[in-house]
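Trainee: I've never looked at this one before. Could you walk me through how to read it?

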Amino acid sequence: MRGGLRRTAGTLAATLVLGLLTVPTARAEGQLADAADALAEPGVWADDDYQGLDENMVALLQARYARAGTPFRMALLTEENDDAASLASRLASLVGEPGVYAVLTEWDDPLSDHRDSAQGWAISGTSATVDDIRTESVARAGINNGNPLLTLVDTLDGDLSSQLPDASGEERYLVDPAVTDTFPELTEELLADVFDGIPELRVALVSGVGGPSDSAATRMASGLPADGAMLLMQWETSEFSVVMGSGRDLPSVGTLEGLVGGIGIPTVAPEAVPQRLSQLAAALGPDLLGLTRDGLADSPLYVHPAAGDGVTGRERQAVFAEALGGAGARVAVLPRAALAAQLGEDRIDEDVDVVGPVSEGGDAPLALLLADMEYLRVDQVQTTGDEEFARAADRARHSGDPFLETGLSQLLAQLGTEVPAAPDTDEAAAPGSPGAPGPGGGDASAVPVGVWVGLAIATAGLLLPLMSAALMPRGRPRLAVRALAVAANRREAEAMSAEKLSAEMDRSAEQRGRNARELARLERLLRHLPDTGGHPVARPVGQLLSEYERLREAHAGARTRTEATVVRRSLGRALRRGEALTVVTRKLSRPS
């Protein structure tokens, strides 16, 4: 009997061990089966827990693959398996159709803030080869060269590269249909409207163009006239990259790229594309100071179309114009970076007089507000008139969001003029606001305090687990805590009065200046990192690049000493990581 028990126990143990060893494979097979069922037609299938690609990227892949001549199928899995190529081959056999198959799989790593991942490809029944995929991946190495998951389609089909605009005329714009499928507001009609009157500009807005990394831009820039420019925007991982070329009579390539792609590595989020294109149009269009003189001749308020805040429309601007006229003052709002580009300046410093050409020597109260359109705020002010008006205009630029509505309101208040009521507001309390009658007509404040306390405790008990899950992503708690701290610092700054915030910015100016220099140093370091190819060190390089983008945004938004100090500390850590990576990658890049 004892022997029987031992045999039974041994059988159970062996079964348990076998089960533990085969559970991941069985689940991966289950995911592959689900993917195969869903991929009867070319496209993308993703497990619900897959996090490696954001929603926009997945949607763009789906739209691109659905239109491809070569059938593409991709499965995004969440199982630990370093041999993703075998998973891709298995997927191909399950589907049983010719085409290109890709499997991207990821899994949690308890020793890292990021998941580990693997990627594999399989070819079945098409002329494509694994070498094609490898060559395309190498061509996309570096910064702003496109994403091989998207550019590979064009490498095999040539449908986008054959349409790239390389001359003036009606066909100088190309918008990839897959881009419009994913982002309906991005169309050729948008380009034609924004760049109306700028005939020597060629623009391609695409998911990705294949071939050698510089071939698309080189073709688009071929034969550019002295007053011509080209703009190539293609998807990277979560944003469009920006590559430009310009003729000798236009601002430099770096200046124009900065208008569309911002500071540092030029990229732009899809929702910001229309606004950023308007900045480029402003720089390449008619003389901005001349337009301002003409606009102020007709109205006390001139807001350039590329300098709006997205909220304060023409009707509201007309109300402000009437109030400014009654106060005997004039205001013009221009996009700062576009104006600097037209003037051939890197930035408009205090010694660059832009209000003089507009006032034409007059000394009547005139405020020229220069708006930073990347962060939607008034960055600089130049005035004519007395010192009191100059102080009022300077205070107005720190007023808040939306910057036109709040800035003009504060300026008029400083001038002692009644501020026009904002649209859709009422002196009476809105329904549901504190002090307003509830649905039954009673005062909400009449509810006993104990009831409110009980409701608060009950609500907290229900919401805290959900909030914890949302705010503390798996494997990345430190990032979530840091994001919460940054948000708290920003709320504290926004709660300050205009005078206190202005004083705080003065006190933090020196630290913010040092941060800007350190950020530029980090950017130079990133630009000079050698190509790491497929080596594992490529992953921390990518992480450092993401950290640089976060720091760039944090620095631009820092106003207080607390915010500037947080940026300084993070910059120090990033620079130490970058210097260590420089040593490692240089050793890897040396010939063996």
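Trainee: Let's begin with the strands: how many bridges join β7 to strand β8, and do they run parallel or antiparallel?

Mentor: Keep in mind that this is a predicted model. In general, strands of a sheet pair through backbone hydrogen bonds, in either a parallel or an antiparallel way. Here, β7 and β8 (residues 240–246) run antiparallel, joined by seven bridges.

Trainee: What is the order of strands in the open sheet?

Mentor: Five strands make it up, in the order β5-β6-β7-β8-β9, with mixed pairing. At the edges sit β5 (173–175) and β9 (267–268), each pairing on one side only.

Trainee: Which strands does helix α10 lie across?

Mentor: Helix α10 (residues 273–284) lies across β6, β7, β8 and β9, at about 170° to β7. Helix α9 (residues 253–261) lies across β7, β8 and β9, and runs at about 150° to β8.

Trainee: Now helices. Which residues of α2 are buried?

Mentor: An α-helix has 3.6 residues a turn, so residues three or four places apart point the same way. In α2, the buried ones are Met57, Leu60, Leu61, Ala63, Arg64 and Tyr65. They pack against β1, β2, α5, α6 and β7.

Trainee: And glutamate 136, is that buried or exposed?

Mentor: Glutamate 136 counts as buried because its relative accessible area is 3%, under the 20% cut-off. This residue lies in helix α4. Its side chain makes polar contacts with the side chains of arginine 140 (2.2 Å) and threonine 151 (2.6 Å).

Methods: Residues numbered from 1 in each chain as written. Predicted model: local features only at pLDDT ≥ 70, side-chain atom pairs only at ≥ 80, totals over all residues. Heavy atoms only, no water. Buried < 20%, exposed > 50% of the residue type's maximum accessible area, 1.4 Å probe, protein only. Helix = DSSP H or I, 4+ residues; strand = E, 2+ residues; numbered from the N terminus. Contact = heavy atoms within 4.5 Å. Polar contact = N/O pair within 3.5 Å; in protein donor to acceptor, adjacent residues only side chain to side chain. Pairing = 2+ DSSP bridges. Axes fitted to C-alpha atoms, helices over the stretch in contact; angles between N-to-C directions.
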